Amino acid sequence: ASCSPNNAAWIAAASQMVYGDGDNMLLKDLSLGLDVTAHEITHAVTSSTSNLAYLNESGALNEGMSDVFGSGIHAWKASGGSELGNPATLVDTADTWLLGKEVAGPMLKGALRFMNDPTKDGQSKDYYPERIMPGGTDNGGVHLNSGLLNLAHVLLSDGGKHPRNKTKVQVPKIGIEKALRIFYYANVRLLTSTANFEDARYATAAAAENLYGRCSQEWLT
């Protein structure tokens, strides 16, 4: 991690979280975002399970998993989760998909990433043919290509179509809790450090089959 005030990170060597104070233009104090904290802690989970290498497609999957569970914690708290226990039902709202909303400064468009419409930030990718290629900017697109996984998670949770109509697929809704369980299972039990997006497709299908059964709606979706 750098010493920039506009950063938060999990420092594996020290088993420690660090938060920048923000410059109050691009970002506010990074500790204000529960989803930011969950994002970074998910990096710790990933490093001790799938250990997705932090470059190219595996790096984008690494970042995407952190976004998925950052938004999941946001939904958990908004649904009534607290130190007293889990909410009766886990539900998402439009705010769930605004990653880093609480830490976004005036220079941003209201969030760090828009999981339900990734290209809204002006740089993230949401369509595989338009991805950052291996060896390209952002360590091969680790942050920018994470939009592909983010959008897949949103569509799995809520159902719907590609926000820019890049495909005609109508994805059925299975709900955010089941989507989170599928992505978690895939990350901690099935994916390996060199996994790419194709590997993730098959891993999440296998996770859905193991969790909900072959030919279940979750597996078919």
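1. Which residue just after α2 takes a positive phi? In this predicted model, the residue is G80, and its phi is about 110°.

2. Helix α2 comprises residues 56–78. Its 23 residues should span 33 Å at 1.5 Å a residue, and the C-alpha atoms at its ends do lie 33 Å apart, so expectation and model agree. Of these 23 residues, 18 are buried, and α2 is therefore largely enclosed by the rest of the structure.

3. E57 belongs to helix α2. Its relative accessible area is 13%, and because the limit for a buried residue is under 20%, E57 counts as buried. Leaving aside residues up to four places away in sequence, E57 touches Y128, R131, A195, N196 and F197.

4. Helix α5 runs over residues 176–190 and contains 15 residues. The distance from its first C-alpha to its last is 20 Å, close to the 21 Å expected at 1.5 Å a residue. The buried residues of α5 are I176, A179, L180, I182, F183, Y185, A186 and N187. The cover over these buried residues includes α1 (34–47), α2, α4 (146–158), α6 (197–212) and α7 (217–220).

5. Strands β1 (residues 8–11) and β2 (residues 16–19) pair in the antiparallel sense, with 4 bridges between them. Within this pairing, A9 has V18 of β2 as its bridge partner, while W10 stands opposite M17 in β2. The two strands form a hairpin with 4 residues between them. In the turn of this hairpin, S15 has a positive phi of about 50°.

6. The largest pocket holds about 1,100 Å³ of space. It is lined by 29 residues, of which L148, A152, R201, T204 and T221 are the closest to its centre. Helices α4, α5, α6 and α7 each supply at least two residues of this lining, and α6 gives the most, with 8 residues. By residue class, the lining of the largest pocket divides into 21 nonpolar, 4 polar and 4 charged residues.

7. The second largest pocket has a volume of about 910 Å³. Among the 36 residues lining this pocket, N7, E40, E63, R113 and H143 are the closest to its centre. The elements that contribute two or more residues to the lining are β1, α1, α2 and β4 (113–114). The largest share, 6 residues, comes from α1. The lining of the second largest pocket consists of 19 nonpolar, 10 polar and 7 charged residues.

8. Helix α5 itself supplies at least two residues to the lining of the largest pocket.

Methods
Residues are numbered from 1 along each chain as its sequence is written. This is a predicted model: local features need pLDDT of at least 70, side-chain atom pairs count only at pLDDT 80 or more; totals for chains, interfaces and linings use all residues. Side-chain values use heavy atoms; hydrogens and water are left out. Buried means under 20% relative accessible area, exposed over 50%, partly exposed in between (1.4 Å probe, protein chains only). Contact means heavy atoms within 4.5 Å. The expected span of a helix is 1.5 Å times one less than its number of residues. Two strands pair if DSSP finds at least two bridges between them. On a 1 Å grid over the protein atoms alone, a cavity is a set of points where a 1.4 Å probe fits but cannot get out, and a pocket is an open set with protein on both sides within 12 Å along at least five of seven lines; lining residues have an atom within 4 Å of a point. Grid points are joined across faces, edges and corners, and a volume is the space filled by probe spheres set on the points. Ala, Val, Leu, Ile, Met, Phe, Trp, Tyr, Cys and Pro count as nonpolar, Asp, Glu, Lys and Arg as charged, and the others, Gly among them, as polar.
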